[in-house]
Amino acid sequence: MNTTLSLQLTLEECCQLVEAPSASLVEMVEYGIVDPGGGDPRDWRFDSVALGRLRRAVRLQRELELDWQAVAVALDLLDEVGRLRAENENLRRRLLRFMEH
């Protein structure tokens with residue numbers, strides 16, 4: 001049984017935490033930056049992973065002056081780089097174990 005609490009924030013709560021207007025969060029959802037579930041924005045719920053991704057998206061948009069579509073692409077590429085680095089590290093560890101024997 002999982003006893004960890006799951007963060008479930010509303011659109012308004014997320015807006016306050018990421019310091020962005022609701023229109024921006026709606027755009028981020030439209031571009032697939034996060035998927036809060038539910039069809040109507042009043043039904044959306046954001047978890048801690050989505051909150052982190054929203055914060056990262058807002059930072060990219062503000063610092064690099066990107067539109068939300070470019071932010072979505074940048075986040076996808078950054079996620080892929082992270083996944084590839086983790087895979088590379090895993091393969092490196094396996095290779096070192098192999099070489100030790």
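## Close-ups of the helix packing

**View 1. The buried face of helix 4.** Trp68, Val71, Ala72, Ala74 and Leu75 are the buried residues of helix 4, where buried means under 20% relative accessible area, exposed means over 50% and partly exposed is in between (1.4 Å probe, protein chains only). Helices here are DSSP runs of H or I with at least four residues (strands are runs of E with at least two), numbered from the N terminus. The cover over those buried residues includes helix 2 (22–30) and helix 3 (48–64). This is a predicted model, so to speak: local features need pLDDT of at least 70 and side-chain atom pairs count only at pLDDT 80 or more, while totals for chains, interfaces and linings use all residues. Residues are numbered from 1 along each chain as its sequence is written, and side-chain values use heavy atoms, with hydrogens and water left out.

**View 2. Helix 4 from end to end.** Helix 4 takes in residues 68–100, 33 residues in total. From its first C-alpha to its last, helix 4 reaches 48 Å, close to the 48 Å expected at 1.5 Å a residue; the expected span is 1.5 Å times one less than the number of residues. Alanine 86 sits in this helix and is partly exposed, with a relative accessible area of 45%. Pick out glutamate 13 as well: its C-alpha is separated by 32 Å from that of alanine 86, and the two are 73 residues apart along the chain.

**View 3. Helix 3 against helix 4.** The axes of these two helices come within 10 Å and cross at roughly 120 degrees; axes are lines fitted to C-alpha atoms, for helices over the stretch in contact, and angles run from 0 to 180 degrees between N-to-C directions. That angle makes helix 3 oblique to helix 4 (under 35 degrees counts as roughly parallel, over 145 as roughly antiparallel, 65 to 115 as roughly perpendicular and the rest as oblique). Helix 3 passes helix 4 in a right-handed crossing, a label used if the near helix is turned clockwise from the far one by less than a right angle, with anticlockwise giving left-handed. On the helix 3 side, Arg53, Arg56, Ala57, Val58, Leu60 and Gln61 meet Trp68, Val71, Ala74, Leu75, Asp76, Leu78 and Asp79 of helix 4; contact means heavy atoms within 4.5 Å. These residues split into eight nonpolar, one polar and four charged (Ala, Val, Leu, Ile, Met, Phe, Trp, Tyr, Cys and Pro count as nonpolar, Asp, Glu, Lys and Arg as charged, and the others, Gly among them, as polar).

View 4. Alanine 57 belongs to helix 3 and is buried, with a relative accessible area of 0%. Not counting residues up to four places away in sequence, alanine 57 touches Met28, Ile33, Trp68, Val71 and Leu75. Arginine 53 is in helix 3 too, and at 16% relative accessibility this arginine counts as buried. Leaving aside neighbours within four places in sequence, arginine 53 is in contact with Ile33, Val34, Leu75, Asp76 and Asp79. Further along the chain is arginine 97, 44 residues away from arginine 53, with 35 Å between their C-alpha atoms.

**View 5. Helix 1 against helix 3.** Helix 1 (residues 11–18) packs on helix 3 at an angle of about 50 degrees, with the axes 10 Å apart. That makes helix 1 oblique to helix 3, and helix 1 passes helix 3 in a right-handed crossing. Helix 1 brings Cys14, Leu17 and Val18 to the contact, and helix 3 brings Leu51, Leu54, Arg55, Val58 and Arg62. Six of the contact residues are nonpolar, none is polar and two are charged.

**View 6. Two loop glutamates with positive phi.** Glutamate 19 lies in the loop between helix 1 and helix 2, and its phi is positive, about 55 degrees, although it is not a glycine. Glutamate 19 is exposed, with a relative accessible area of 57%. Glutamate 65 is found in the loop between helix 3 and helix 4; its phi is also positive, at about 55 degrees, and it is not a glycine. At 71% relative accessibility, glutamate 65 counts as exposed.
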